[in-house]
Amino acid sequence: MQTKSRLRTEFFAALFLVFPATASAQTPAFAVASVKLHKDGPIQRSGFSGGRFTFTGPLIFLIAEAYQLPVNSSPRLTGAPQWLGGRNDMYDIDANGTFPDNLTTSARKERERLMLQSLLADRFKLVIRHETKEMPVYVLVVDAGGPKLEKSSVTEADCPQAESDGQVPCHQFNGGQGRGLHARAASMDDLASFVENWTNRPLLNRTGITGLWKIESQPWLSIDAPDNPPAPGAKGEGGVDMADLPTLFQVFEKLGLKMKADRAAVEAYTIVDIQRPTEN
């Protein structure tokens with residue numbers, strides 16, 4: 001009996017070693033969330049304001065935000081059903097949650113992503129598999145002449161106050177291929193993550209540059225422009241001649257950076273299951 005008792009004790013002790021108490025900690029989630037099929041009006045990806053999250057748009061945008069994936073098609077996300085991203089895949093979401101005081105910007109962003117992941121699992125029954133895959137990528141490195149970047153006037157410690165004052169948030173870009181890059185306080189990771197929406201393969205930050213930077217650029221041509229050049233006389237936003245626009249590679253060169261083709265292991269996701277939600 002003593003032997004059985006000792007074995008039982010050792011067995012449960014082993015369980016606690018394998019499944020530590022932190023493993024059962026609840027993933028951050030919204031206290032309440034309304035999900036409705038969008039019927040009329042524009043897309044409004046308004047995001048978080050305090051503890052409130054509002055969103056109007058395709059579900060694929062929400063998945064991209066929750067898992068730090070490009071909004072545009074990416075080899076990092078597979079398994080999506082045909083209806084995902086379709087015309088009838090538009091939702092109005094209004095959710096409320098809480099955040100601990102004094103979170104850093106990066107810690108808050110991580111909590112926001114976890115809350116969105118909980119929402120997707122609860123209301124859309126999303127089951128997603130995370131793995132590492134080797135695939136063609138671009139890597140962002142410092143060009144031979146060194147970086148040509150303007151240091152941001154905002155420090156990481158200033159970010160929460162700047163956002164509460166209604167200023168442009170840190171770690172956020174405006175613009176894109178047709179409008180250029182515009183950020184007041186962004187890191188190189190932010191830059192690579194944003195531009196990956198237009199690179200047709202993952203873009204990895206290998207610059208080694210830290211801190212926050214003010215970044216401004218002009219619009220650029222599509223990544224496939226060498227094979228599919230713009231039509232003669234084609235105009236971009238603001239009436240600019242498309243033929244005068246730089247390539248994305250040249251945009252980075254003006255920042256003292258270089259985008260190179262390579263292969264690397266990257267985080268990838270496969271949608272195992274997802275369902276249309278029940279409205280409320």
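1. Tyr91 and Phe124 are both buried; buried means under 20% relative accessible area, exposed over 50%, and partly exposed in between, with a 1.4 Å probe and protein chains only. This is a predicted model: local features need pLDDT of at least 70, side-chain atom pairs count only at pLDDT 80 or more, and totals for chains, interfaces and linings use all residues. Residues are numbered from 1 along each chain as its sequence is written, and side-chain values use heavy atoms, with hydrogens and water left out.

2. On confidence, the average pLDDT of the protein is 85, and 87% of the residues score at least 70. Residues 1-25 fall below 50, and beyond near neighbours in sequence this stretch makes zero contacts in the model. The score is the predictor's confidence in each residue, from 0 to 100; a contact means heavy atoms within 4.5 Å. Where pLDDT is low, the predicted coordinates should not be read in detail.

3. Now the aromatic pairs. The whole structure holds eleven of them. Rings of Phe, Tyr and Trp (its six-membered ring) pair if their centres lie within 6.5 Å; planes under 30 degrees apart are stacked, over 60 edge-to-face, and the rest tilted. One of the pairs is Tyr67 with Tyr269, tilted, at 5.2 Å centre to centre and 55 degrees between the planes. This pair links distant parts of the chain, 202 residues apart: Tyr67 sits in the loop between α2 (59-66) and β4 (77-78), Tyr269 in strand β12 (residues 257-273). Helices (H or I, at least four residues) and strands (E, at least two) are DSSP runs, numbered from the N terminus. Tyr67 and Tyr269 are both buried.

4. Back to the opening pair.

5. Which residues do ring pairs link into a cluster? They are Phe30, Phe48, Phe53, Phe55 and Phe99. Arg108 lies over the face of Phe99, 3.9 Å from the ring centre. The rule here is NZ of Lys or CZ of Arg within 6 Å of the ring centre and within 35 degrees of the ring normal. Elsewhere, the charged end of Lys151 sits over the ring of Trp213, 4.5 Å from its centre.

6. Arg108 counts as partly exposed because its relative accessibility is 23%. Glu112 has a relative accessible area of 9%, so it is buried.

7. The salt bridges number seven, each a side-chain nitrogen of Lys or Arg within 4 Å of a carboxyl oxygen of Asp or Glu. Glu131 pairs with Arg129, the closest N and O atoms being 3.8 Å apart. Glu131 also meets Lys133, at 3.9 Å, N to O. Shared partners join Arg129, Glu131 and Lys133 into one network. Glu131 is partly exposed at 27% relative accessibility. Arg129 is partly exposed at 42%, and Lys133 is partly exposed at 29%.
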